Amino acid sequence: MSARAIWRPTAWEAMLVVLIFAAAAWSATLSPYYLQIDQLLYSTRNFVIPGLLAFGLMVVVTTGEIDISVASTLAVASVALSKFAAVGAPIAVAALLAVALAATLGALNGFFVARLGLPSLAVTLGTMGAYRGLAFIIGGGMGYTSFNDPYLYVGTELWFGVVPASLILFAVVAAGVGFLMHKTTFGRRCFAVGMNKTAAWISGVNVDRLKITAYALAGVLAGVAGLVWIGQYGSARGDNADGMILFVVTAVVLGGVDINGGRGTVLGVVLALLLLGTLRNGMGLANIAGPTQTVVFGALLLIGVLRPFVAGLAQRWRTPPSDPFSRRDDTEQTSESNSITNNITRRSAL
Amino acid sequence: MSAFEGKQTRVGVGEFALRMRVTGVLAFIVLLGAVFAMLSPRFLNPQNLAIIASNAAILAIVAAAQAVVLLTRNLDVSVGSIMGFAAYLTADYAARHHGAGVAIIGLAMVLGTLLGVVNGLIVAYAAVSPLIATLGTMSLYRGATYLYAHGRDVTSNELPHWMLSAVDFRIVGLPALPLLSALVVVLIALFLRRFAFGRQIYAVGSNPEAAVYYGLRVKRVTLFAYAFSGLLCGFAGLLYAARVGTVTVVLASGWELSSLAAAVIGGVSVAGGSGTVIGAALGALILASIDNGLVLLSVQEFWRMFIQGTAIVAAVAVDTLIGAQIRASLVSRRFGGVRA
């Protein structure tokens with residue numbers, strides 16, 4: 001499955017590619033500069049930061065949990081970097097420490113969820129607020145903007161004058177997470193736990209440790225995203241990336257990752273990010289204001305989650321009654337009640 | 001020990017734990033009050049207590065709304081956006097039609113209910129995860145408010161005078177807003193406890209599968225919970241608009257976290273089926289007391305978010321541990337007779 005998942009896109013992923021080209025074509029009609037190579041490459045900054053968060057969230061979601069605190073973790077990491085910058089720490093040390101801090105915050109989420117058995121939604125809703133508060137407590141109300149160049153490198157440097165270093169980082173992380181999820185035992189176990197936690201546990205998977213690792217990985221990627229953030233925006237403040245979680249969750253859901261766990265591909269998430277990034281860039285060119293963009297992303301999120309439901313409706317509508325003499329009432333009823341209980345058990349997983 | 005006796009004690013354990021939970025919330029309020037009173041002499045000043053009650057009043061209604069949804073094992077993170085939407089549109093209408101009178105309260109509630117119904121349809125009938133669905137509608141509703149407003153605020157001198165004075169109204173010296181809020185919360189509590197439909201909300205939340213087999217219309221109950229939550233949020237949004245005076249498009253953003261914190265601190269389980277709206281209202285009182293105490297002690301505002309978030313995690317942890325204790329004691333009781 002894993003090899004196919006990477007190299008042979010599903011119908012939905014093919015659809016995403018079509019949508020990306022459609023969005024790009026629309027953008028090209030808006031501005032003659034759209035198709036210039038440096039504009040295209042520069043516009044990737046629209047999705048690199050939420051993209052890094054989305055990869056972390058995707059790993060957590062495949063294990064059947066959720067983490068909506070990643071944007072707040074980013075804020076803590078960026079503010080921590082500003083503190084290290086203020087005391088003149090070399091970037092390598094600062095980046096390591098900030099990422100380690102972010103990983104700790106992620107692992108803390110994992111500890112609450114896996115070891116204490118608390119519902120991940122409530123925990124990460126809580127830590128979303130707590131970490132955001134922590135970022136403000138560390139950084140104070142004022143932003144820090146006097147970073148020196150080494151700190152800004154990842155977010156600002158253009159390789160060969162055109163390719164943003166952050167895009168390279170994004171590609172490396174995407175490939176890394178793709179390898180991790182589709183080629184290693186860890187990834188396979190993530191899907192197994194997301195499909196059926198009990199079955200995975202019985203077959204010898206250390207579910208608790210796996211989940212804590214997944215959360216810690218989400219934290220690490222949020223820390224890396226914090227590093228890119230200070231490069232792109234040149235500022236660190238407690239409210240960094242506030243509200244970004246909508247874009248991140250939309251990317252994961254639109255990328256075809258099952259929000260109840262066990263299904264999803266990194267390729268899908270990458271395509272969804274490209275689509276969202278292209279749309280955001282296009283809407284920027286078309287002078288569409290921020291609130292409208294938020295409406296569009298919210299609508300896309302709903303379309304993403306409603307897709308299986310609509311597909312199911314369409315299928316039920318299209319399928320002709322096969323055998324008039326079979327006891328259709330009975331079978332339909334059982335399948336109906338099964339689907340109800342399925343829905344319920346799947347929903348309650350969140 | 002006979003089976004009958006065993007059953008009796010089992011019910012006793014559950015009820016005891018639930019009562020302990022509400023007692024725990026009350027004890028926490030007393031403790032919190034004592035600590036703040038020691039640290040700041042102004043805390044127990046009647047005027048200050050009235051301020052706390054007024055601040056808690058609107059949050060208590062929203063927390064009750066959140067609790068109704070939580071009881072069905074769902075979640076509504078769009079409460080703040082519903083409040084903002086209903087408040088802005090209603091305030092805008094009231095500013096244009098000064099003769100509209102008290103009917104605008106109905107308008108706010110209808111708008112809120114409509115948005116709640118949309119949430120309910122998506123969650124109940126399309127079986128979308130409640131977090132994702134309401135995260136989407138949260139941004140849709142807030143975005144719609146932005147688009148409608150075109151960057152304009154409704155200022156307090158555009159609002160009808162009765163609206164602004166109503167929230168400061170006093171009944172025999174007591175502020176009317178907390179009394180109204182208490183009345184609303186008690187009515188919801190009675191409805192949930194005494195009416196068949198109210199019991200169904202608990203039944204659906206504690207075991208949706210069993211509820212289906214029992215013949216309850218789970219989807220309809222869920223839809224109702226969201227619609228009811230929307231109605232309450234519309235009402236609370238208008239109250240909040242009247243209280244702050246100037247209605248901006250960002251009105252009540254962030255209330256999803258506060259309302260959830262209040263409900264969870266008050267003992268409403270995020271796993272559904274357990275908790276009371278009165279507990280949620282007490283949770284709102286706790287949050288308002290903490291806010292007020294922090295201001296009196298001149299602690300920086302940032303701590304508020306940190307404390308709210310930590311409180312959610314702590315409350316969920318306490319509930320989960322209590323739940324595990326109850327289950328453990330049930331198992332030992334159930335097998336106790338056999339082993340002896």
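Me: How are α10(A) and α12(A) oriented to each other?
Reply: In this predicted model, helix α10 (residues 185–195) of chain A and helix α12 (residues 207–233) of chain A pack at an angle of about 110°. Angles of 65 to 115 degrees count as roughly perpendicular, and α10(A) and α12(A) are therefore roughly perpendicular to each other. Their axes are 11 Å apart.

Me: Which residues make that contact?
Reply: α10(A) contributes Arg189(A), Cys190(A) and Val193(A), while Val207(A), Leu210(A) and Ala214(A) come from α12(A). By class, the residues of this contact of α10(A) with α12(A) are five nonpolar, no polar and one charged.

Me: And is the crossing left-handed or right-handed where α10(A) passes α12(A)?
Reply: The crossing of α10(A) past α12(A) is left-handed.

Me: Now chain B. At what angle do α4 and α10 of chain B cross?
Reply: Helix α4 (residues 103–125) of chain B and helix α10 (residues 218–244) of chain B cross at roughly 150°, and their axes come within 6 Å. α4(B) passes α10(B) in a right-handed crossing. The contact of α4(B) with α10(B) has 18 nonpolar, ten polar and one charged residues.

Me: What is the secondary structure of chain B as a whole?
Reply: Chain B has 13 helices and two strands. Its radius of gyration is 21 Å, close to the 20 Å that the globule rule gives for 340 residues, so chain B is as compact as a globular protein of that length. Along the principal axes, the C-alpha atoms of chain B fill a box of roughly 75 × 50 × 35 Å.

Me: What share of chain B counts as buried?
Reply: Of its 340 residues, 50% count as buried.

Me: How much of the contact in chain B is between residues 24 or more positions apart?
Reply: Such pairs account for 81% of the contacts in chain B with a separation of 6 or more.

Terms used:
Residues numbered from 1 in each chain as written. Chains lettered and ligands numbered in written order. Predicted model: local features only at pLDDT ≥ 70, side-chain atom pairs only at ≥ 80, totals over all residues. Helix = DSSP H or I, 4+ residues; strand = E, 2+ residues; numbered from the N terminus. Rg over C-alpha atoms; globule rule 2.2 N^0.38 Å. Buried ≥ 20, exposed ≤ 12 C-beta atoms within 10 Å, placed from the backbone. Contact = placed C-beta atoms within 7 Å. Axes fitted to C-alpha atoms, helices over the stretch in contact; angles between N-to-C directions. Parallel < 35°, antiparallel > 145°, perpendicular 65-115°, else oblique. Left-handed = near helix turned anticlockwise from the far one by under 90°. Nonpolar A, V, L, I, M, F, W, Y, C, P; charged D, E, K, R; others polar.
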